[in-house]
Amino acid sequence: MQALYLLALDPIAETLADPNSYGFRTHRAPADAIEQCLTVLARQDSPEWVLEGDIRACFDEFSHTWLLAHIPMDKAMLSKWLKAGYIERNVLHPTEAGTPQGGICSPVIANLALDGLETRLRTAFPRKVWNGYKQVCPKVNFIRLADDFVITGATKELLEAEVKPLVEAFLKERGLELSAEKTVITHIADGFDFLGQNLRKYNGKLLIKPSAKSIKTVLRKVRTVIKDNKGAAAGHLIYQLNPIIRGWAMYHRHAVSAKVFESVDHAIFQALWRWAKRRHPNKGLRWVKARYFHSIGDRNWVFSGEVRDPKGKRQAVHLFSAHRLPIKRHTKIKGEANPYNPQWELYFEKRLACKMTDSLEGRRTLLTLWRRQDGRCPHCGAAITPLTGWHSHHKVWRSHGGSDTADNRVLLHPTCHRQIHHALDSTGMPPPVTRGFGKA
């Protein structure tokens with residue numbers, strides 16, 4: 001039932017969302033929020049003070065009265081969700097506040113409740129205001145992901161005396177309050193942590209790096225896995241470690257992370273070296289190295305092992321190296337972009353094409369589409385090459401209910417793609433292809 005209501009509620013939430021809200025939203029990610037921080041804080045004339053905000057028990061404390069009055073959906077159904085309670089150890093616990101525990105609609109409802117804060121800040125603190133006979137810039141900017149947010153300001157006094165009270169009043173209307181322990185005001189030269197990254201200016205230059213807490217967390221996970229698998233084969237240990245290392249590195253690959261990746265790789269190597277020596281106390285170090293650490297291409301001391309594939313055949317596996325992952329700048333999504341608005345369909349298709357090109361699985365999909373079309377554009381019939389370029393086009397737009405699967409996609413020349421978007425009929429289908437193609 002919640003899934004059905006979510007289909008109608010999510011487009012409304014996207015339309016009403018704050019431009020710089022990035023949590024629990026389609027096609028938005030923490031990398032977009034961090035990139036917005038870079039945009040706001042990197043310049044020489046950027047604001048120097050930051051209010052780090054955290055909402056205390058956000059999902060558990062929303063006022064039911066406010067939600068019932070403002071969430072645009074059937075009030076009787078919403079009331080049943082909010083008052084349903086939860087069962088723990090065969091005991092029913094009533095819910096007098098907060099959104100449904102584990103409900104798939106809860107994130108969207110939370111976003112609808114928190115959206116509007118950026119607009120209120122923009123109204124109270126416009127880009128430029130008159131102070132006597134001169135214009136001054138409050139430099140108030142707002143960036144939020146779920147219940148974590150940062151607000152910039154020109155001075156500490158502005159954030160303390162004017163911005164923070166405004167935020168507290170906004171949250172109080174919704175039954176919420178700021179966490180006194182986690183809400184602090186920091187100078188950019190001292191740096192602050194946000195979404196696992198540390199943002200700090202060094203001699204006027206903003207650097208974004210993985211935070212110390214994030215580094216300690218990933219190393220603790222890795223060491224725990226190694227400790228819990230003292231008797232496991234190297235291949236099985238690698239299968240457990242690679243997702244942890246790869247996931248953490250992919251999250252931080254958009255920051256200034258190269259040296260941090262090297263230090264993390266070294267710390268993991270030390271833990272694995274101790275693991276290998278402990279398994280074979282009567283063997284020499286050369287034997288241990290030859291058994292577990294191999295040379296792969298231009299890489300030396302690569303922790304390696306073997307596993308069996310589903311057919312029972314042995315295959316070699318190697319530990320993922322974080323510092324081998326290239327650092328790549330993230331392209332932030334436009335704040336006003338709405339995936340449910342057909343006017344933005346072409347924009348999201350271009351972003352998807354870039355994302356596919358960057359990922360191995362995406363490149364496989366592109367190759368499948370290219371081969372299926374015999375290497376030719378189904379609109380004009382000419383060959384698709386790296387020189388001509390291509391766009392991945394959805395035959396039925398996603399804003400019209402189309403899927404993201406390969407069956408609903410074709411590769412088109414960029415010019416052909418634009419022509420189709422200008423000439424599409426109401427079904428969102430491209431003109432039918434009647435010509436036959438040979439191999440490209």
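Trainee: Let's begin with charged side chains. How many salt bridges does the structure hold?

Mentor: The general idea is that side chains of opposite charge can pair when their charged atoms come close. In this predicted model, there are 12 salt bridges. One of them joins Arg-314 to Glu-306, at 3.2 Å from N to O, and Glu-306 is partly exposed, with 45% relative accessible area.

Trainee: Which residue forms a salt bridge with Asp-45?

Mentor: That partner is Arg-43, with 3.4 Å between the closest N and O atoms. Asp-45 is partly exposed at 47% relative accessible area, and Arg-43 is partly exposed at 45%.

Trainee: Which residues are linked with Glu-14 in a network of salt bridges?

Mentor: Arg-25 and Arg-28 are linked with Glu-14 in that network.

Trainee: Now the glycine. Is Gly-98 buried or exposed?

Mentor: For this we read the relative accessible area, where under 20% counts as buried. Gly-98 has 1%, so Gly-98 is buried. Gly-98 is found in the loop between β3 and α6. Beyond its neighbours within four places in sequence, Gly-98 has contacts that include Phe-59, Phe-62, His-64 and Leu-82.

Conventions. Residues are numbered from 1 along each chain as its sequence is written. This is a predicted model: local features need pLDDT of at least 70, side-chain atom pairs count only at pLDDT 80 or more; totals for chains, interfaces and linings use all residues. Side-chain values use heavy atoms; hydrogens and water are left out. Helices (H or I, at least four residues) and strands (E, at least two) are DSSP runs, numbered from the N terminus. Buried means under 20% relative accessible area, exposed over 50%, partly exposed in between (1.4 Å probe, protein chains only). Contact means heavy atoms within 4.5 Å. A salt bridge is a side-chain nitrogen of Lys or Arg within 4 Å of a carboxyl oxygen of Asp or Glu.
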